[in-house]
Amino acid sequence: MAKECSFDVVSEFDKQELLNAIDQTRREVSSRFDLKDSNSEIELEADKAITVTTSDEMKIRNIYDILQSKFAKRNLSIKILDPQGIENALGGRVKQVYNLKKGLTQELAKKIVADIKETKIKVQASIQGDQVRVSGKDKDDLQAVIKMLRGNEDKYNYPLQFTNYR
C-alpha cells in the first residue's frame, strides 16, 4: 500500500521578525529629518494590529513606506498588513490602524480547497481550523498543488506558507 503524503497551507508570520521590523521603523522615524519632530508613535497591540499616530496624513504614508521596507528586509510579507481608514486622533493628530492577518479565513480556505479540486490533481484537501491540509499518494502531485497555489497567491491577497510536508 502506498504511503500517504501531506502538507498544510497556512498564513502566519514570525512574531520576532515583526517586533524587529517595528523597532527598526521606530528608530528610523526618530532619526529621519522629515519625521523627527512629528511626535510619531508606532505601537503593536497584542499581535493583532499596528497603530501609527502622527501629525498629518503625509507622514502616515511616509511611515507606512518605511514599515514596508523593513518588512521586506525581514522577509515578512506586506500582505499581512490590512490598512484601515485614517482617523482623527487627540490633539489634532491622525492615526491609522493596520490589522495583522494571521490564519486563513473560512472563505479563503474554501476558495483554496475549490481551486485545488478544480485542477483535477489526485489529492484531497480539507479545512482544519485556520489551515488547509492537502494529502495525496504522489509527492509530485503535492508539488504541483504548491506550485499552483504560489501562482495564485496574488489572487488570495494573503501570504501563504506550506508546512509539515511529509
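Visitor: Which residue follows α2 with a positive phi?
Guide: The model is a predicted one. In it, helix α2 covers residues 57–73. The residue that follows α2 with a positive phi, near 55 degrees, is N75.

Visitor: How far does helix α2 reach from its first C-alpha to its last?
Guide: Helix α2 has 17 residues. At 1.5 Å a residue, a span of 24 Å is expected. The helix comes close to that value, reaching 25 Å.

Visitor: Which backbone nitrogen does a side-chain oxygen of D56 reach at the start of α2?
Guide: The contact lies at the start of α2 and begins from a side-chain oxygen of D56. This oxygen comes to within 3.1 Å of a backbone nitrogen, that of M58.

Visitor: Which elements do the buried residues of α2 pack against?
Guide: The buried residues of α2 include I60, I63, I66, L67 and F71. Residues three or four places apart in an α-helix point the same way, because there are 3.6 residues a turn. The buried residues of α2 pack against α1, β2, β3, β4 and β5.

Visitor: Is the pair of F7 and F162 stacked or edge-to-face?
Guide: A search of the whole structure finds two aromatic pairs. In the pair of F7 and F162, the ring centres are 5.9 Å apart. The planes stand at 75 degrees, and an angle over 60 counts as edge-to-face, so this pair is edge-to-face.

Visitor: Is the pair of Y64 and Y98 stacked or edge-to-face?
Guide: Y64 lies in helix α2 and Y98 in strand β5, 34 residues apart. Their ring centres are 5.1 Å apart. The planes are at 10 degrees, and planes under 30 degrees apart count as stacked, so the pair is stacked.

Visitor: Which side chain of opposite charge is nearest to K101?
Guide: K101 is found in the loop between β5 and α3. Its side chain reaches the backbone oxygen of K79 at 3.5 Å. K101 is buried yet has no salt bridge. At 5.2 Å, the nearest side chain of opposite charge is D82.

Visitor: Is K111 buried, partly exposed or exposed?
Guide: K111 is found in helix α3. Buried means under 20% relative accessible area and exposed means over 50%. The value for K111 is 38%, so this residue is partly exposed.

Visitor: How far apart in space are K111 and Y156, C-alpha to C-alpha?
Guide: In sequence, K111 and Y156 are 45 residues apart. From C-alpha to C-alpha, the distance between K111 and Y156 is 8.4 Å.

Technical notes: Residues are numbered from 1 along each chain as its sequence is written. This is a predicted model: local features need pLDDT of at least 70, side-chain atom pairs count only at pLDDT 80 or more; totals for chains, interfaces and linings use all residues. Side-chain values use heavy atoms; hydrogens and water are left out. Helices (H or I, at least four residues) and strands (E, at least two) are DSSP runs, numbered from the N terminus. Buried means under 20% relative accessible area, exposed over 50%, partly exposed in between (1.4 Å probe, protein chains only). Lys and Arg count as positive and Asp and Glu as negative; His and the chain ends are not counted. A salt bridge is a side-chain nitrogen of Lys or Arg within 4 Å of a carboxyl oxygen of Asp or Glu. A polar contact is a pair of N or O atoms within 3.5 Å; within protein, one must be able to donate a hydrogen and the other to accept it, and residues adjacent in sequence count only if both atoms are side-chain atoms. The expected span of a helix is 1.5 Å times one less than its number of residues. Contact means heavy atoms within 4.5 Å. Rings of Phe, Tyr and Trp (its six-membered ring) pair if their centres lie within 6.5 Å; planes under 30 degrees apart count as stacked, over 60 as edge-to-face and the rest as tilted.
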